[in-house]
Amino acid sequence: MRVPLSWLASYVPLPESLDELVATLDDLGLVVEGIEHVGVGLDGVVVVEVERIDAIKGADRIRLVTVRDGSSSVEVVCGAWNFEVGSLVPFAPVGAVLPDGMAISRRTMRGVVSNGMLCSGRELGVGDDHEGLLVLDARTATPGQPIADVLGIDRDVVLDLAIEGNRPDAWCVEGVARDLAARYGVAFRAVEPSPAQPSAERASASAAVEIVDPDLCGRFVATELRDVVVAASPPWLARRLELAGMRPINNVVDASNYVMLELGQPTHAYDLDRLARHAIRVRRAAAGEQLELLDGTTIELAIDSGAIGDTGEDLVICDGADVPIGLAGVMGGASSEIGPATTSVVLEAAWFEPIGIARSAKRHRLRTEASVRFERGCDYSNCDRASARFVELLEMSSPDLRVIGKPIDARGELPRPAELQVDAGAIEAVLGVRLGLDEVARLLSAIGFHVTDRDGALEVMAPPGRPDVRDAPFGVADVAEEVARLHGYAALPTRVPSWPAPGGLAPVVRVRRAVREALVGIGALEAWTAAIVPAADAILLGDEDERIRLTNPVAADAPFLRSSLLPGLLGAVRRNTERRQGDVALFEIGVVFTHPSVASTARVERGGAGGGELVKLPSEDERVALVLARPHDDAHSAVAAWRVLATALRLAHTRLDPVAGTTPLGLHPTRCAAIVDASTGAVIGHVGEVDPDIAARAIPGLDDGRRLGWLDLSMGVLADHDAIPRASEIASVPSRYPTSDVDLAFVLDESVHVEDLKAVLGGAAGELCESVECFDAYRGPGVPVGSRSLAMRVRLCAPDRTLSEEELASTRAKMIDAATRSLSATLR
Amino acid sequence: MAPGLGEAELTAYVEDALNRVTSASERAALGALRAELTGRRSVLTGWHRELGSLDPDLRRALGRLLNEADRAITQALDARDVELARESRRERLAADRLCLDELVDRAVDSPLARGHRHLVTRTRDELEDVFVAMGFEVVEGPEVETDWYNFEALNLPLGHPARGMHDTMYLEVGTSESVVLRTHTSPVQVRSMEAAVRDRSLPLHLVAPGRVYRRDTPDASHLVEFNQIEGLVVDKGITFADLAGTISAFTSAYFGEDISARLRPSYFPFTEPSAEFDITCTICRGARCRTCGQTGWMELGGCGVIDPAVFAAVGIDPSEWSGFAFGFGIDRCAFMRHQVADLRALVDNDVRFLRQF
């Protein structure tokens, strides 16, 4: 909200220092978001008369203009054409600095010297017109006169204030003044318009008002005016509107806008003669009714959007023929718009039910100055004052208007202002400080609360303009907030609380940190990619039918939630490849989403209106994904990376198994494996390479033949110590006796897992076994098709002795025997 | 020389062409066949030209057959092409087969280099550590929420105008606008309080970091997806003074002793009284500069004493318990500490950026 200081100062004395005022407003929660100095930069700019206009040789867009300020003449080069000899225009001499900061200097153009500049309205900061010079009216301007005098522009400061949603009372100049007066402890001069003098005579067809739906319209005050002359507003009023950011239209509309900015009460003026039967009805719109609005658009009313909590209701103002003439509290209709021919006006000053207005404004995408005020809750007791003020303002430019009768005051259901009892202890329980009740009473009274001291407690009644204040018990917090705000947050005490419970990380956070440390340790960089992804990502994986779609994405071409971290990471590799730095290992830890209709078990949570239903939600699966895109990367390095991770997390029994069922999307079908916990069967994730076709499509600049290693793990499973048992915490002290290696090569069927062979060899060696490792695999001549040769190294050691040759030989024989019997292995 | 155009010739030709298409065994051969069968010099094209010289009735009849023949041959070519592509992929993949269980680590040639955490992660870890040291527990919550957790239980009923400030993105799941991408980490407050009531495990002292979503046009200081950290304390005798003390203790612990915090009145439906908290500008250290808009302060986040209506929604007795909550942007902290000129660099994943931290 833009507030000119000159306007604010008419209700409350302001401090000398602007800095202090700004700091005070911030501290009151009326945040100053911008400070604009107006009327500066017009020093030295004067009215001049055009004496002669000469062409400049070789120039067809600029001319040499001789102007006279009453005493002397100067020559100026000018590119505008909207004036003639004798016109009065603004002139900025050399040395002037215009409002936009432009410094005027002597310049030479096409060999001609220009001694200043003739100005457009925009250059002077008075309007947007930049088509030509601001040509002045000879009746109001004389050569030599300072332009600021002619335009009536005084120096002023306009503050841009952010008013919070719970402060409808502060959404007007008077409301800001009220807060300041309370803080400074000075008198506040409320706007008190003299009551309109109703004309004795009643018109034959006077206005009538009927509230059909009293639950949505709590009050409707209608003031009937005759003999109105629609004209321009007085310059001071138009100027204030402009400073406050509103365009002056005519005296009727301007007076209505002025009252809203001043008192916070939106009003609407109808051309009474254009209302059938001079009557007004306020009712719910019927579904499908049409209404042409002031802005020229036609809307269809009362169409349910289907959104949760939307009743689909609209409240309309209708005329006597029950035809809608306005969307209540949002925007008036075109049919009863005030025009130059209007002479009879009926002014609406009403109170509408806030949530209904909010729903209508949202559904019709019409956020207006009126709707934002009504939806936060206006002060219904303000309607009379706003009406009288409107009449008072309009009379200044239409002195012969007549007010017909007393305003009609139709009533519906109005909320009751909160009433509650507050004692010093209740305030202390919220704020942590004991304030005197008289101080509390003083602060609250200053902003319009009705306060009575009753036996050491205060009976507090909120003003009707504070719908945010609730009854007891919740209202105590609201009252405490007002007291704290006016007292000053900075003046309240602080205390660092303490409690006996220690802090700590959730288990998943600890595991995530360990995973990240391990991946960083092998040289990977952590990336962060978007969860809302382009359609191209889904097409890349071919799962667009199963994706979760956003209703209102920021970008129409990015409508999906991600189902995998792969496309995002490939995108990151692509961008780095394009920047000639594609040799990277990137990892990301992030959530992927599965639509409830395809999830194996849908997530069900409390939801719906009032939290009264169980709602099926997308499942969220936090993944750890690593893409290895360095020159020698492939499934080998991916497996090695996994082994580092498994070691870092002390995983006891994991193994790489062939992928059961379909290959996960994006994975190389013949160079991948599932990572499984052998003891529980839990699948931790997958490892291998990115499908080469997908890699080539995702990264156009990818080197021919470059393989991308890929690791994709479930963080949920990794963090689950029951699904994935950790290695024993019991330390084993290594033997001090020498170790001996036994190397054995077996030919086995391809279906025999290396881990199974290790287990058999380890089992056969018994407690002498220190480690079993596969150090080579071979297929080719000498090994039948469908089999492979695995070279194994078993390291043997005893805790209490050096192993003898006999022991080694017998252990070797046991291992060969076991492998032959249980795995049909053949020693090579 | 092609035979003259006639129904029988056409049928025979199409049959032969389809046979040849089906028996093509390589994509290169299929490409040549496509040129021969549908190209400018194909028999069919020749027949099309011949049509013009026929009488109208015959032209119509044969023209239709000719078009059908075109279509059949093209479809067969396309179908065979897809089949051959699939076959060639199958062959390539089969030739590429690797058994991952037998891989030996020694064979991996990997450069010696340490990687880097993301700047946001690093910032988040540091924030978590400060709060853990202050006695807070770090917990998390989901990113997709129901309207209840994101709004209604936080005293933002349906139709509440303050919802407009949230720039919410909705998902096409269930009733319209009933499932949202969480707009703040505050739903974790509700979930934690519900769970604590259920398990009778009050008091609560926790922080909840995580990703949140706002429908905002991304620019140098705004991201659609960003990270927040939420704080919640529910205990006996907690007041606004505890909130102010906690914010101030955190600020100097994280940003440094010369950075202080101040609270200004603000509005959040879930806290009352509510405050915005500013910290000394980390660029000019309070001396007033362009970054802080010549104020010496930078806005960091919001906080307040928990509104009794929120307690009511989750079933906590406000006469026994009270509490406070706060929240602020993790990315914004990174921005303030490291003066990241453009937040979009955080999601661009350029390795030259990632390697700095």
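Which strand of chain B pairs with strand E26 of chain A, and in which sense? The legends below start with the answer. This is a predicted model, in which local features need pLDDT of at least 70, side-chain atom pairs count only at pLDDT 80 or more, and totals for chains, interfaces and linings use all residues. Residues are numbered from 1 along each chain as its sequence is written, chains are lettered from A and ligands numbered from 1 in the order in which they are written, and side-chain values use heavy atoms, with hydrogens and water left out.

**View 1. Strands E26 of chain A and E1 of chain B pair across the two chains.** Look for Gly504(A), whose bridge partner in E1(B) is Glu137(B). Strands here are DSSP runs of E, at least two residues long, and helices are runs of H or I of at least four, both numbered from the N terminus. Two strands pair if DSSP finds at least two bridges between them.

View 2. Leu100(B), Asp101(B) and Pro265(B) supply 7% of what chain B buries against chain A, more than any other three residues. In contact terms (heavy atoms within 4.5 Å), 120 residues of chain B touch 132 residues of chain A.

**View 3. A salt bridge joins Arg89(B) to Asp691(A).** The two side chains meet at 2.4 Å, N to O. Between chain B and chain A the count is 23 salt bridges, each a side-chain nitrogen of Lys or Arg within 4 Å of a carboxyl oxygen of Asp or Glu. On the side of chain B that touches chain A, the residues divide into 55 nonpolar, 23 polar and 42 charged. In that division, Ala, Val, Leu, Ile, Met, Phe, Trp, Tyr, Cys and Pro count as nonpolar, Asp, Glu, Lys and Arg as charged, and the others, Gly among them, as polar.

**View 4. Within chain A, Arg389(A) forms a salt bridge with Glu392(A).** Their closest N and O atoms are 2.6 Å apart. Both residues lie in helix H9 (residues 383–397) of chain A, 3 residues apart, about one turn of the helix. Over all chains, a search of the whole structure finds 107 salt bridges.

**View 5. Five strands of chain A make an open sheet with mixed pairing.** Follow the order E11-E22-E13-E21-E14. E11 (198–199) and E14 (267–271) stand at the edges, each with a single partner strand, so one side of each is left without a neighbour in the sheet. Inside the sheet, E13 (residues 217–226) and E22 (residues 402–411) run antiparallel and are joined by 7 bridges. Here Ala222(A) has Ile408(A) in E22(A) as its bridge partner.

**View 6. Strand E15 of chain A pairs with E12 and with E18.** E12 (residues 208–211) and E15 (residues 279–284) run parallel, joined by 4 bridges, and Ile211(A) stands opposite Val282(A). E18 (residues 315–319) pairs with E15(A) in the antiparallel sense over 5 bridges; there, Arg283(A) stands opposite Val316(A).

Definitions and conventions:
Buried area = accessible area lost by both parts, 1.4 Å probe.
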